[in-house]
Amino acid sequence: RQMCIRDSINVAGWASPFSDQPQFNLKAGLTGLELPRFSSYAARLLGLNLETGQLNVDAVAKTKEAALDGSAKINLKSLKFTSLSAAAEKKLSGQVGMPVQTAVGLLQDSNKAINLTIPVGGTIANPDIDLSDAIGQAIGGALKSLFPPTALASMLSSAGGSGINFKPIPYDSGSSKLGPAATRYADNLVSLLTQRPKLAVRVCGRATEKDLTDFAVQ
């Protein structure tokens with residue numbers, strides 16, 4: 001069977017919800033759902049006020065002996081939100097695994113779109129949806145084309161209360177010029193900021209003992 005409601009929701013497949021063990025094999029699509037109309041729900045569940053955004057979802061799910069197996073491809077366009085309180089933002093950031101604004105900055109591309117694939121497991125009575133893992137994989141995908149695996153692992157492991165820490169861009173001691181490796185790394189940071197325009201990076205400089213020695217000799 002196939003069902004279509006207002007050209008925005010499509011469901012195809014079969015279901016036996018009233019059997020001893022409910023079974024189904026379904027494909028569903030949701031198109032063009034404007035998120036601000038659900039801001040009151042987001043406020044209660046997540047502590048967020050949804051200002052703008054449009055949601056599109058393609059999902060597949062089936063059961064086998066009450067076990068769930070499925071995934072949802074989520075496309076969020078022009079998402080903009082504010083946290084209702086510092087406590088609510090801290091709680092959501094803990095669920096995401098990094099500051100939520102940092103996560104959005106890393107996920108939202110130059111077209112103001114966020115794309116996630118979220119696996120669904122567990123059972124009908126107790127579904128298992130790991131949003132943090134989906135976000136981590138999407139962020140890793142956004143970074144791995146620009147940074148080597150060792151640098152990428154360091155970035156993701158540093159994600160926490162203050163966001164992601166990028167490794168320092170090294171200068172030769174006593175010099176203000178970048179070497180070839182440092183130039184490539186800086187260029188990759190520029191590419192990342194171009195691809196992820198909502199991402200903000202805080203930059204600070206640091207002198208080493210060798211710098212002070214070289215300057216004292218000059």
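A: Ser39 is part of helix H1, a DSSP run like the other elements here (helices are H or I with at least four residues, strands are E with at least two, and both are numbered from the N terminus). The model is predicted, so local features need pLDDT of at least 70 and side-chain atom pairs count only at pLDDT 80 or more, while totals for chains, interfaces and linings use all residues. Residues are numbered from 1 along each chain as its sequence is written, and side-chain values use heavy atoms, with hydrogens and water left out.

Ser39 has a relative accessible area of 9% and is therefore buried (buried is under 20%, exposed is over 50%, partly exposed is in between, with a 1.4 Å probe and protein chains only). Its side chain makes a polar contact with the side chain of Asn49, at 2.8 Å. Such a contact is a pair of N or O atoms within 3.5 Å; within protein one must be able to donate a hydrogen and the other to accept it, and residues adjacent in sequence count only if both atoms are side-chain atoms. Leaving out residues up to four places away in sequence, Ser39 touches Leu48, Asn49 and Leu50, where contact means heavy atoms within 4.5 Å.

Tyr41 belongs to helix H1 as well, which spans residues 39–46. Together with Phe38, Leu45 and Leu46, Tyr41 forms a nonpolar surface patch with about 420 Å² of accessible area in total. A patch is built from residues with over 30% relative accessible area and no salt bridge; nonpolar side chains (Val, Leu, Ile, Met, Phe, Trp, Tyr) are joined within 5 Å, and like charges within 9 Å. The areas come from the Shrake-Rupley method with a 1.4 Å probe, and for residues only the protein chains shown count as cover.

Aromatic pairs are rings of Phe, Tyr and Trp (its six-membered ring) with centres within 6.5 Å; planes under 30 degrees apart are stacked, over 60 edge-to-face, and the rest tilted. The count by this rule is three pairs. In Phe38 and Tyr41 the ring centres are 6.2 Å apart and the planes stand at 40 degrees, so this pair is tilted. Phe38 is partly exposed because its relative accessibility is 32%, and Tyr41, at 45%, is also partly exposed.

Phe147 and Phe166 make another tilted pair, with 6.0 Å from centre to centre and 45 degrees between the planes. This pair links distant parts of the chain, 19 residues apart: Phe147 is in the loop between helix H4 (131–144) and helix H5 (149–158), and Phe166 is in the loop between H5 and helix H6 (180–195). Phe147 is buried at 3% relative accessible area, whereas Phe166 is partly exposed at 22%. With Tyr185, these two phenylalanines form one aromatic cluster.

The next point is charge. The whole structure holds one salt bridge, meaning a side-chain nitrogen of Lys or Arg within 4 Å of a carboxyl oxygen of Asp or Glu. The side chains of Glu51 and Lys80 make this bridge, at 4.0 Å from N to O. Glu51 is in strand E4 (residues 48–64) and Lys80 is in strand E5, so the pair ties together parts 29 residues apart in sequence. Both ends are partly exposed: Glu51 has a relative accessibility of 31% and Lys80 has 46%.

Strand E5, residues 67–83, also holds Ser78. Ser78 has a positive phi of about 55 degrees although it is not a glycine. Most residues other than glycine have a negative phi. With 36% relative accessible area, Ser78 is partly exposed.

Asp69 lies in strand E5 too and is partly exposed, at 48%. Apart from residues up to four places away in sequence, Asp69 touches Val60, Ala61, Lys62 and Val120.

Phe24 sits in strand E3 (residues 23–34).
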